[in-house]
Amino acid sequence: MILKDKVAIVTGGARGIGKEMAISLAREGANVAIADINTQILTETEKEISSLGVGVLTVACDVSSLSEVEEMVNKTLDKFKKIDILINNAGITRDTLLVRMSEDDWDKVLAVNLKGTFNYTKTVSKIMIKQRSGKILNIASIIGLIGNIGQANYAASKAGIIGLTKTTAKELAPRGINVNAIAPGFIQTEMTKALPERVKSKMLEVIPLKRFGSPTDVANLAVFLVSENAAYITGQVICIDGGIV
Ligand code: NDP
């Protein structure tokens, strides 16, 4: 077990990629605190993870609210006394062409994806600085690197996460904290389930490995990046996309 007795926060960890990462961290021995707005499935996820024999905390928390984030981080500290790993995973889409995009579509996506990552990074890094160690992993997207029609808000938020990753990596490196990002391609979750079949088959055509990714593909990389095996890696954006980028 490469993460035995570590304490990890995973945002948006009630389902999808976040849940799979939380499970993988737990399998490697980490205690896990999950922040999510989907309270309906949080309890189920909590049961699943605690059956792996680690400590689990689930907190209803909107990552776009700094006060809710601070409260969640305090609860994690009260229960586990330290925070070794932060995975900023919570994210949403509100896809439409730029000319049709409402101010609310723009604001909401930027608030959850980018400001949510800022809120957690700022709050948790203060604790990691005192500890003089920590691993922060941000879930970006290849769309933040290459853009995509109908996703101006999402692409901007994910490109912002990449800039935030590179800057915080430089600021926090002297304190023993690694900050990296994963940029997934098309991963099969509820987020992508909603896409029409014709869009999915078009996407498959541009994936050299000729399959969609799974949450497990992403979780395997996440476990490596937050472990001591990746101690000399910081400020990187790693694509996991079947070869698209
Ligand atoms: P899902 O929609 O399946 O899961 C995201 C989880 O985050 C849900 O539980 C969701 O709750 C929760 N969430 C949404 N908004 C907030 C918020 N404000 N505060 C706290 N939690 C919130 O998404 P995926 O697992 O597919 O995606 C996870 C991350 O990976 C996202 O950042 C996404 O952008 C990124 N990504 C995904 C790709 C894919 O192909 N799936 C590709 C590239 C990047 P609720 O269920 O209520 O919405």
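Guide: Here's a walk through the sheet, then the helix packed on it, the ligand and a couple of cysteines. Keep in mind that this is a predicted model.

The sheet is an open one, built from seven strands with parallel pairing. Reading across, the order goes E3-E2-E1-E4-E5-E6-E7. Strand E3 (56-60) and strand E7 (237-240) are the edges, each pairing on one side only. From one strand to the next, the twist averages 15°.

Zoom in on one pair: strand E4 (residues 85-88) and strand E5 (residues 134-139) run parallel and share four bridges. There, isoleucine 85 has lysine 135 in E5 as its bridge partner. Packed on the sheet is helix H6 (residues 152-172), which touches E5, strand E6 (177-184) and E7. The direction of H6 makes about 160° with that of E6.

Now the ligand. It has 28 residues around it, and the closest are Arg15, Asn89, Tyr154, Ile187 and Thr189. Tyrosine 154 puts a polar side-chain atom 2.5 Å from a ligand oxygen. For arginine 15, an N or O atom in the side chain is 2.8 Å from an oxygen atom of the ligand. Glycine 185 comes in through its backbone, with a polar atom 3.4 Å from a ligand oxygen.

Last, the cysteines. Cysteine 61 counts as buried because its relative accessible area is 3%, under the 20% cut-off. Cysteine 239 is partly exposed, since its relative accessibility of 30% falls between 20% and 50%. As for disulfides, a search of the whole structure turns up zero.

Note on methods
Residues numbered from 1 in each chain as written. Predicted model: local features only at pLDDT ≥ 70, side-chain atom pairs only at ≥ 80, totals over all residues. Heavy atoms only, no water. Disulfide = S-S within 2.5 Å. Buried < 20%, exposed > 50% of the residue type's maximum accessible area, 1.4 Å probe, protein only. Pairing = 2+ DSSP bridges. Helix = DSSP H or I, 4+ residues; strand = E, 2+ residues; numbered from the N terminus. Axes fitted to C-alpha atoms, helices over the stretch in contact; angles between N-to-C directions. Contact = heavy atoms within 4.5 Å. Near = heavy atom within 4 Å. Polar contact = N/O pair within 3.5 Å; in protein donor to acceptor, adjacent residues only side chain to side chain.
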